[in-house]
Amino acid sequence: MGNGNTGFVHRNASLLSVEMSLPQVAVTSDEIDEMLSPARKRLRLPKGVLQRVAGVYERRWWKDPDNGWRQGVVLAAERAMAKAGIMRDQVGLLINASVSRQHLEPAVSTSIHHALGMPSSCMNFDITNACLGFVNAMTMAAGMIDAGQTKYALIVGAEDVEKVQRGTIDRLNSKTSTRDDFNNQFASLTLGSGAAAAVIGPADEHPEGHRLKLTQARAGTEHHELCVGNMEDMRTDSAGLLESGIGLILDTWKGANDAGLDFKSVDHVVPHQVSMVYTRNFSKITGVEMERIQVSFPDWGNIAAEAVPMTLANVQDEMKPGERVLLMGVGSGLNTAMMEVQW
């Protein structure tokens with residue numbers, strides 16, 4: 001691994017809106033415990049591990065298990081375009097950044113493009129980079145706007161975790177499962193469903209927008225086997241992921257500060273939503289007080305690529321013009337990116 005960050009300076013791109021859709025069905029960690037009763041009794045596992053270890057008390061599932069995610073992302077996208085004050089035919093680029101996908105082909109973006117009634121002139125594709133995808137998509141869209149290749153970009157994503165969580169519960173309840181299986185698959189039970197959408201546009205035409213200042217990124221791909229998943233199963237070395245993820249974040253943070261960016265003085269940090277252990281570790285190593293760190297995982301779980309935009313959408317009314325906001329994405333692999341936004 002190299003010893004420096006990759007830096008992207010955004011010259012004329014602003015976040016014009018960010019919106020979210022929360023699924024209708026609340027599933028508490030106590031309910032997950034009840035679903036896991038056979039495994040807990042056989043393996044002598046205590047109740048309340050999800051709350052005590054991860055700090056996740058609830059997550060959401062879509063009411064419609066087949067199309068709920070699509071309905072959710074369409075609703076978020078329509079809200080985002082309305083708030084930004086732009087019409088469909090002005091959008092030249094649609095990027096889907098979600099982890100969840102029902103199939104390998106075609107791109108998930110095509111289904112969303114069609115459901116939204118976007119024009120044929122709107123290019124669309126997926127960006128997948130685990131939980132970092134949405135922040136990556138914002139960086140790419142900003143670069144294309146700066147280059148004059150598109151004027152408005154719509155970034156979308158929806159996660160649907162019910163299937164992987166039900167599958168995990170069934171596997172752990174089987175008579176052949178072990179404590180090691182529980183430890184390896186524990187992280188999948190902290191996930192949550194949700195949808196988000198954001199509109200990026202030219203800053204010089206939208207003084208009301210929130211200016212995208214820069215992105216600092218760094219890769220630690222020697223850790224690409226720590227968390228491996230598909231829509232049926234996700235296996236995670238939680239301790240290794242925490243240690244290596246925090247290490248990569250610290251390296252990125254130090255590199256940014258060495259470059260004179262002074263991330264420590266930002267007004268708000270919106271990090272990827274993993275757990276209380278992760279969040280407190282981040283606060284400790286960076287010196288950013290917990291009061292400045294926006295969290296949503298206790299109520300929503302880890303919503304993968306949509307964790308950052310959904311959390312931002314939820315707290316945006318608390319932010320004041322001129323404040324510095326740091327969006328911090330981390331994805332299995334490992335990759336991280338920190339985007340500074342001037343509110």
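**Around the largest pocket**

Helix H3 (49–54), helix H8 (179–185), strand S10 (227–229), strand S11 (234–236), helix H9 (238–258), helix H10 (276–286) and strand S13 (324–331) each bring at least two residues to the lining of the largest pocket. Here helices (H or I, at least four residues) and strands (E, at least two) are DSSP runs, numbered from the N terminus. H9 gives the most, with five residues.

This is a predicted model, where local features need pLDDT of at least 70, side-chain atom pairs count only at pLDDT 80 or more, and totals for chains, interfaces and linings use all residues. Residues are numbered from 1 along each chain as its sequence is written, and side-chain values use heavy atoms, leaving out hydrogens and water.

A pocket is an open set of points on a 1 Å grid over the protein atoms alone, where a 1.4 Å probe fits, with protein on both sides within 12 Å along at least five of seven lines; lining residues have an atom within 4 Å of a point. In the largest pocket, 43 residues form the lining, and Ala187, Cys227, Met234, Leu241 and Asn302 lie nearest its centre.

**Backbone details**

Most residues other than glycine have a negative phi, and most peptide bonds are trans. Yet the bond from Glu105 to Pro106 is cis, with omega near -10°; Pro106 sits in the loop between strand S5 (91–96) and helix H5 (108–116). Another cis peptide bond joins Gly333 and Leu334.

Arg44, not a glycine, has a positive phi of about 55°, and its place is the loop between helix H2 (37–43) and H3.
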